[in-house]
Amino acid sequence: MIYLYGHVRNFSVAETPEGEISACCALAPVWEDLGEICSLVVRDDLRRQGLGRRMVAACLEECRELHLKKIFALTYQEVFFARLGFRVVDKSVLPQKIWVDCAHCAKYPDCDETAVFLDVPGTLETATGK
Ligand SMILES: CC(C)(COP(=O)(O)OP(=O)(O)OC[C@H]1O[C@@H](n2cnc3c(N)ncnc32)[C@H](O)[C@@H]1OP(=O)(O)O)[C@@H](O)C(=O)NCCC(=O)NCCS
């Protein structure tokens, strides 16, 4: 519960026309230029219709507002993230995540999730080629 209250402001949700929640996703800033996509879920009966892609796009838009140039996720859904341009990386390139969260996780150090990473497109730096 304490985790939910601590992170509730990170969440975006999508609604059906009837006002039911159809998807959620959180963007957690992890470092000055690095964000994490967390808790991405699309309702079972609404999958494969582009909603997951739209939730990640909303996170990327927020990254641009917050000047986060890089984003990652720990996931079992490598193929989904690959379709969105993410690449698989070794978790050792995400030391901040290891310090903040992983060290407290029951799975640590044998996490079976895959780390996927993306340079956020459309930031000032990438747009100007710097
Ligand atoms: C992963 C998840 C969020 C995807 O949501 P979705 O709305 O079905 O995804 P989209 O329809 O936006 O799919 C985007 C692309 O990924 C592909 N894709 C989606 N899920 C896929 C899967 N499980 N395996 C392979 N490809 C997949 C789609 O075919 C689509 O491809 P395209 O580029 O040809 O259009 C959803 O399956 C889910 O909620 N899973 C359970 C929770 C979970 O694992 N979340 C991830 C935590 S990090």
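**Exercise 1. Find which atoms of G52, V42 and R83 pair up with oxygen atoms of the ligand.**

Step 1. Start at G52: one of its polar backbone atoms is 2.8 Å from an oxygen atom of the ligand.

Step 2. Now go to V42, where a backbone N or O atom lies 2.8 Å from a ligand oxygen.

Step 3. With R83, look at the side chain instead: an N or O atom there is 3.0 Å from an oxygen atom of the ligand.

Step 4. How much of the ligand does the protein cover? On its own the ligand has 910 Å² of accessible area, and the protein covers 74% of that (Shrake-Rupley method, 1.4 Å probe).

A word on what you're looking at: this is a predicted model, where local features need pLDDT of at least 70 and side-chain atom pairs count only at pLDDT 80 or more, while totals for chains, interfaces and linings use all residues. Residues are numbered from 1 along each chain as its sequence is written, and side-chain values use heavy atoms, with hydrogens and water left out.

**Exercise 2. Describe the shell around the ligand.**

Step 1. There are 17 residues around the ligand, and L40, R48, G50, G52 and R53 come nearest (a residue counts if one of its heavy atoms lies within 4 Å).

Step 2. Sort the shell by class and you get eight nonpolar, five polar and four charged residues; Gly counts as polar here.

Step 3. Which element gives the largest share? It's α3, with four residues (helices are DSSP runs of H or I, at least four residues; strands are runs of E, at least two).

**Exercise 3. Work out where the ligand sits and what lines that place.**

Step 1. The ligand sits in the largest pocket, as more than half of its atoms must lie within 2 Å of the grid points. A pocket is an open set of points on a 1 Å grid where a 1.4 Å probe fits, with protein on both sides within 12 Å along at least five of seven lines.

Step 2. About 1,200 Å³ of space lies in this pocket. Its lining has 42 residues, with L40, L74, T75, Q77 and F81 closest to the centre; lining residues have an atom within 4 Å of a point.

Step 3. β3 gives the most to the lining, seven residues.

Notes:
Polar contact = N/O pair within 3.5 Å; in protein donor to acceptor, adjacent residues only side chain to side chain. Points joined across faces, edges and corners; volume = space filled by probe spheres on them.
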